[in-house]
Amino acid sequence: MKQERILFVTGKLAEYSLREILEKLAPQVNFTYEITILNVQVAALMHVPLVKRRLNVPEGIDWVMLPGLCKGDLQILTDHFGLPFKRGPKDHFDLPEYFGQAGRPPKDLSQFDIEILAEINHAPFLSNEEILRQAEHYRQNGADLIDVGCVPGESWNRAGDVVQMLVDAGHRVSIDSFEQKEVEAAVSSGAELILSCNHSNIDWVSKLGIEVVAIPDLPSDFDSLRAIVDQLVRSDTPFRIDPILEPIGFGFTASIERYYRTRKEFPEFEIMMGIGNLTELTEVDTAGINFVLAALCQELKIHSILATEVINWAQSAIREFDYARRLVKFSIDNKSLPKHIHYQLVMLRDARLNEMGQGALNHLAQQIRDPNYRIFAEQDELHVMNRDGYWKGTDPFELFDQFEAANPKELDPSHAFYLGYEMCKAMTALTLGKQYQQDQPLNWGFLSQEEISAQERRRLQGEDPQCGPR
């Protein structure tokens with residue numbers, strides 16, 4: 001089988017580390033290569049017209065790889081040179097992963113079988129506009145059904161109207177109340193599920209003809225749950241069972257055991273888990289909690305959960321569980337670890353770090369011939385370099401004083417602002433163990449925000465983008 005011969009196009013400053021990577025990678029993947037250095041310092045500054053003007057393709061090349069941040073339509077280059085052009089990863093350190101995935105189909109995370117009920121907490125205190133806005137937010141983030149949460153001990157005369165409003169907006173709706181008038185109004189307006197049913201309301205709620213959530217009279221009273229289930233079966237009332245997840249310190253482990261017991265005793269019935277007692281009442285980031293609970297639900301065939309986003313640290317809980325339910329479904333169906341599938345729930349720290357190493361940093365510092373600053377975050381230090389010097393340390397204020405003293409005339413206010421902003425990102429990356437790449441946003445999983453790079457911003461403003469990162 002003929003080896004592919006690939007031409008890698010890059011800038012001057014990336015050549016050294018790119019060669020190190022390709023020397024190891026090419027034999028592993030079974031290709032040969034050449035490297036062409038265009039007359040630009042930073043590979044990310046490339047764009048299609050520049051490549052078309054400056055590139056000479058040697059004989060025997062099968063296809064050309066450009067930096068992942070190269071701007072423009074690559075078909076123009078394919079037509080001009082008569083061979084395929086492809087974008088590589090944004091960071092050339094990711095080339096091993098890029099080639100390792102070649103030819104493999106992407107992981108299909110479209111499948112799930114856990115339904116998300118998202119509760120609008122204390123709905124009677126909200127305006128119609130607030131309710132609709134919250135319901136739409138939940139739907140956009142993965143909720144399948146909107147739960148209208150009422151206020152215990154109070155009677156709300158707008159329950160039916162609000163349910164009708166949500167149904168008219170295309171939402172599936174449940175009602176969370178023990179007040180008979182609220183529940184009956186909600187059901188008559190289109191609510192399809194009642195939360196919840198125990199001995200205090202089973203006599204009338206079982207006559208409404210829609211599905212209910214069976215709960216014990218007290219969380220620890222499993223016998224009462226058995227009695228409720230038996231009575232609902234005899235009355236031919238559709239139901240799902242919720243043994244009640246308790247907060248940590250108030251019976252959490254025992255409640256997990258109840259879900260296991262429920263599945264063993266009632267293998268034919270649907271089960272629901274209300275996860276808010278853990279996500280809302282545990283002062284910790286919720287993504288990990290949501291994933292573990294999703295895994296528990298998937299293994300126990302619990303096909304619905306009730307989630308909320310009341311407290312600030314749980315404000316992305318619905319979307320977290322949406323990602324989690326897809327990941328655990330894929331993992332269990334394919335009998336594979338939930339690892340290296342996708343990184344959307346890895347938010348605080350990155351899955352892995354690519355570091356140049358001190359040798360490559362020293363080499364790079366010796367090659368720079370322009371005044372533009374390069375910033376790196378690795379080896380527990382910030383590294384800043386340009387033609388005037390190479391500075392490193394852990395205090396960005398001290399570093400700023402050092403490189404400003406080397407050439408104070410270079411730092412106008414906008415330049416100083418840019419450097420401060422970038423060093424702030426770099427320091428954040430060092431603190432949390434995240435990958436930092438100058439002029440690129442930090443990766444926060446599904447919470448990541450796009451940024452316009454300094455080069456692209458200058459391009460949009462009609463300035464010369466080839467002056468490098470400032």
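By a nonpolar core I mean a set of buried Ala, Val, Leu, Ile, Met, Phe, Trp, Tyr and Cys residues joined through side-chain atoms within 4.5 Å. With that in hand, and bearing in mind that what we are looking at is a predicted model, the largest such core has 69 residues, and the ones with the most contacts inside it are Met-273 and Ile-305. If we set aside the neighbours of Ile-305 within four places in sequence, then Ile-305 is in contact with Ile-114, Glu-115, Ile-116 and Leu-117, with Met-272, Met-273 and Ile-275, and also with Cys-297 and Phe-321.

Let me turn to helix 7, residues 180–188, where the buried residues are Glu-182, Val-183, Ala-186 and Val-187. Because these four cover an arc of only 125° around the axis, they sit on the same side of helix 7. In general, an α-helix has 3.6 residues a turn, so residues three or four places apart point the same way. The buried residues of helix 7 pack against helix 6 (159–168), strand 7 (173–176), strand 8 (193–197) and helix 8 (202–205), whereas the face turned away from that buried side carries Lys-181 and Ser-188, both exposed. Helix 7 is followed by Gly-190, which has a positive phi, near 120°.

Strand 8, one of the packing partners of helix 7, also holds Ser-196, and the peptide bond that joins Leu-195 and Ser-196 is cis, with omega at about 10°.

Two further backbone details concern residues other than glycine. His-122, in the loop between strand 5 (115–120) and helix 5 (128–140), has a positive phi near 50°, and at 34% relative accessibility His-122 counts as partly exposed. Gln-379, in the loop between strand 13 (374–378) and strand 14 (381–386), likewise has a positive phi, of about 55°, and Gln-379 is partly exposed, its relative accessible area being 31%.

Finally, a helix pair: helix 15, residues 396–406, and helix 16, residues 413–432, pack at an angle of about 145° with their axes 11 Å apart, and their crossing is right-handed. Which residues meet across this pair? From helix 15 they are Pro-396, Phe-400 and Phe-403, and from helix 16 they are Ala-416, Leu-419, Met-423 and Met-427. By class, the residues of this contact divide into seven nonpolar, no polar and no charged.

Terms used:
Residues numbered from 1 in each chain as written. Predicted model: local features only at pLDDT ≥ 70, side-chain atom pairs only at ≥ 80, totals over all residues. Heavy atoms only, no water. Axes fitted to C-alpha atoms, helices over the stretch in contact; angles between N-to-C directions. Helix = DSSP H or I, 4+ residues; strand = E, 2+ residues; numbered from the N terminus. Left-handed = near helix turned anticlockwise from the far one by under 90°. Contact = heavy atoms within 4.5 Å. Nonpolar A, V, L, I, M, F, W, Y, C, P; charged D, E, K, R; others polar. Buried < 20%, exposed > 50% of the residue type's maximum accessible area, 1.4 Å probe, protein only. Arc of directions from axis to C-beta.
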